[in-house]
Every structure is written in C-alpha cells, then in structure tokens.
There are 2 protein chains.
Amino acid sequence: MSDTTQMLKGILDGCLLAIIKEGEIYGYELAAKLESYGFRSLSEGTIYPLLLRMQKEGLISATLRKSTAGPKRKYYTLTEKGEQELDLFIVRWEQVSSSVDNVLSKRGI
Amino acid sequence: MSDTTQMLKGILDGCLLAIIKEGEIYGYELAAKLESYGFRSLSEGTIYPLLLRMQKEGLISATLRKSTAGPKRKYYTLTEKGEQELDLFIVRWEQVSSSVDNVLSKRGI
DNA sequence: AAAGTATATCTTGTATTGCAAGGTATTTAA
DNA sequence: TTAAATACCTTGCAATACAAGATATACTTT
C-alpha cells in the first residue's frame, strides 16, 4: 500500500467530481488528468470502481462513444445531484484542510 | 457515519503527532485540543485506539501520572521515530493537499 | 453514606474505501 | 500474426474512523 493511500480516502471522489465538472471526460483520460494535477499515478482498480459507485449514486451519468483508437470510451458528466455533492465536498475539504493547517502551524482558533 | 469521517483517514495520526510534539499531553486533553484547532468533536473510540496503535509502532511513549480530579492520566511524548514520521506526514500532506487545491482551482501543473 | 457527575481510559465490531491482481476487448502498427 | 496501446471491469484484501458499551477514580451533593 502506498503511503498516501489512506490520505486519499474521502477526497478522491470529490476530486473526480470537480474534474468531470470541467467537461465530459472518460475514465482512462481522468487518470492522466489527476496526474497532471499532482496526484501520483492512481490505479485503474481505484478509478473505475469509484466511477461506477458514483454513477450508481446518481452523481454522474455515462454515455458510450466510439474511440479513434481502441475500445469504446465511457464519457461521464455531472448530474445536478453531483454538483450539489461537489459543493458539499468543497465545504468539508476547506473545513478539514484548514484544521490540519492550523495544527501544523501550531495555532488554535 | 459523519460526513468527514473518510476524509480524516490518514491525517488524524499526523495531527496527533504534531500536537504531541508541542508538549506532553494526555488523550482526554488531546480531544479538546483537536477541537480548538477546528476539528469537529472526535469520538474517544477514535482517539484512544489511535494512540495505542502509535505507541505500539513506537511513535509515541506514555507515562501514567496521578490526576487532581479523576483516574490516572496517560501522558504521551514523541519518540525520535515519531518525529521522523511526523516529517514524512507533512511531506505527504503538502503533496496531497496541494493536488486537491489544484483540482478545485482548475489548474494543472 | 449514598448517589450523582465529571474525568479518564479501554474494547469490540462495523462500514467505508483505496488498491493490487487479474481478466477482457478493440484498434493500429510492426 | 504478433505486439502494443488503449479502454474497461471484477474480486478480495488492508487500513482506519467511529459507534456503542464497559470500567474506574475523585469530588460534590443529598
């Protein structure tokens, strides 16, 4: 297990939502995009199950499209529920990350 | 389950290390300190098992002392290994949190 | 003395989730 | 026809926050 594995729990889903909000995107491309944002290479065993879960929860919706090279791609877009969930995620993230920053810079509130 | 539960995974241990580094402290007091830093009230079922785990791993060491009011307190201090682990945590945190911030502010690297 | 309250710690079991490992299918190039 | 790149999925494991419940001490109130 990677040393950042635990730290990614509960934030990956929000990050996926944020990226999908930027525009329709498929899983394989998403992995590359995450890396461009600074995440260490994430396994497909992480991303695909997560996308399926979020689709089941109605946060994203998918449509299959032919690819120029390779099998069909599954393009995802945000649902309205997904946008709401993203907003909630951002609130949670700001609350938690500022708390951690407070601890690390040793000042209470 | 709280909405920030998953998000706390992999960061609580680092935060405890950072607080213990400030000075000897016991579990019950730690819970209050975390709240003062902005964390929502953390269960004792979270903190005590975590402290025991970190002690087992040799990151912190404990000594029992009498309390003025109540049962004995278990005071924790950082070991050298704990300081090293804290340093590693900070690197991980900065790597991950900046990645998330990149995603949320929609800019690649 | 007895009962209640605040302090202080621990244990057991559950839910969630990242991820490794392995599998399948399609298109193009060597 | 073989290889490589693309693209997706499934199963099972490991790690951890936390709810729920138990225990014990000291002080205060009745």
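This is a predicted model: local features need pLDDT of at least 70, side-chain atom pairs count only at pLDDT 80 or more; totals for chains, interfaces and linings use all residues.
Let me start inside chain B, where Leu12(B), Asp13(B), Leu16(B), Leu17(B) and Ile20(B) of helix 2 meet Thr46(B), Leu50(B), Leu51(B), Arg53(B) and Met54(B) of helix 4, contact meaning heavy atoms within 4.5 Å. The residues of this contact divide into 7 nonpolar, 1 polar and 2 charged, where Ala, Val, Leu, Ile, Met, Phe, Trp, Tyr, Cys and Pro count as nonpolar, Asp, Glu, Lys and Arg as charged, and the others, Gly among them, as polar.

Residues are numbered from 1 along each chain as its sequence is written, chains are lettered from A and ligands numbered from 1 in the order in which they are written, and side-chain values use heavy atoms, with hydrogens and water left out.

Now to the interface, where the contact takes 34 residues from chain B and 34 residues from chain A. The two chains, B and A, bury about 3300 Å² between them, 74% of it on carbon and sulfur atoms, buried area being the accessible area (1.4 Å probe) that two parts lose on being put together, summed over both. On the chain B side, Met7(B), Tyr37(B) and Trp93(B) lose the most area to chain A, together 23% of what that side buries.

Between chain B and chain A the count is 0 salt bridges, a salt bridge being a side-chain nitrogen of Lys or Arg within 4 Å of a carboxyl oxygen of Asp or Glu.

Definitions and conventions
Helices (H or I, at least four residues) and strands (E, at least two) are DSSP runs, numbered from the N terminus.
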